[in-house]
Amino acid sequence: MERAFSDLDRDAGLEIAERSHQARQRVQGSSYFYGELDLKAQLEVLARAGARKGGVFVDLGSGLGKMVLAAALPGVFSECRGVEILPELHESAVKARGALLADLAGRGLPPPSEVSLRCGDMLREESVADADVVFVFATCFPPEVMSSLETKLSEEMRRGARLVLVSKQLAGCCADFVPFGDNNGYLSVGQTHSKWNLDCFFYVRA
Ligand SMILES: C[S@@+](CC[C@H](N)C(=O)[O-])C[C@H]1O[C@@H](n2cnc3c(N)ncnc32)[C@H](O)[C@@H]1O
């Protein structure tokens, strides 16, 4: 992971995201802010969400693709998908995926799960109907995005699937999503380039 993302730390992600906003004049787009968990937190989140052999992992708003690739590396999920709205971030994620696959192949290591990265709007262009684990780093998603996202998750996610939300909790409309795991579904997680932890909420669809 470190080699694949050697020139793509969190600041690089922020810089790319900002250039991308400016290019498209998405000035009020607080939901396009970039951030990422540190590797330890990514692994904690994945361990707690649980990977079923042959299952599907989806990151809605996948940024540089770090969470998707971290989920794919152990090769337990059959497929790990990410959808990212900013083309420049998406392109960097595709490059990092290529670097990671080449690195693994060069070392004779087994390939990870199938990784699919799409550039598009998570609310309209990515289904989570087949997902076992859905991850959403929602820190900067404004209320209207959260409301549309909750509707989508309620309509599409199947029973038994897990949802991981960073920084946001589900509103009352999602009564059949119940807290999952220790501490009533709560985990404090570290982010890169910051001494501040974020709140992470785990749910399972009953
Ligand atoms: C906080 S970053 C998280 C990146 C990644 N999930 C991770 O954990 O490393 C949130 C990402 O969501 C993207 N985003 C915001 N709104 C989106 C939308 N409607 N569709 C797809 N991506 C979106 C942003 O551009 C940003 O890259």
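Reader: Which exposed residues sit on the face of α2 turned away from its buried side?
Author: K40 and A47. Exposed means over 50% relative accessible area, buried under 20%, and partly exposed in between, with a 1.4 Å probe and protein chains only. Helices (H or I, at least four residues) and strands (E, at least two) are DSSP runs, numbered from the N terminus. One caution: this is a predicted model, where local features need pLDDT of at least 70, side-chain atom pairs count only at pLDDT 80 or more, and totals for chains, interfaces and linings use all residues. Residues are numbered from 1 along each chain as its sequence is written, and side-chain values use heavy atoms, with hydrogens and water left out.

Reader: OK. Which residues of α2 are buried?
Author: In α2, residues 39-49, they are A41, Q42, V45, L46, R48 and A49. Down the helix axis they fall within an arc of 165°, so they line one face of α2. The arc is that of the directions from the helix axis to the C-beta atoms.

Reader: What follows α2?
Author: G50, with a positive phi near 85°.

Reader: Zoom out. How many helices and strands are there?
Author: The protein chain has six helices and eight strands. The radius of gyration is 16 Å, close to the 17 Å from the globule rule for 206 residues, so the chain is as compact as a globular protein of that length. That radius is taken over C-alpha atoms, and the rule is 2.2 Å times the number of residues to the power 0.38. Buried residues make up 51% of the 206.

Reader: Now the ligand. Which residues come nearest?
Author: D59, G61, E84, D121 and M122, out of 21 residues around the ligand. Being near takes a heavy atom within 4 Å.

Reader: What about polar contacts, meaning N or O pairs within 3.5 Å?
Author: A backbone N or O atom of G61 is 2.7 Å from a ligand nitrogen. For a polar backbone atom of I85, the distance to a ligand nitrogen is 3.2 Å. The side chain of D121 puts an N or O atom 2.9 Å from a nitrogen of the ligand.

Reader: And how much of the ligand does the protein cover?
Author: 98% of the 600 Å² of accessible area that the ligand has on its own. These areas come from the Shrake-Rupley method with a 1.4 Å probe.

Reader: Which elements give two or more residues to the shell?
Author: β2 (79-84) and β4 (133-137).

Methods:
A polar contact is a pair of N or O atoms within 3.5 Å; within protein, one must be able to donate a hydrogen and the other to accept it, and residues adjacent in sequence count only if both atoms are side-chain atoms.
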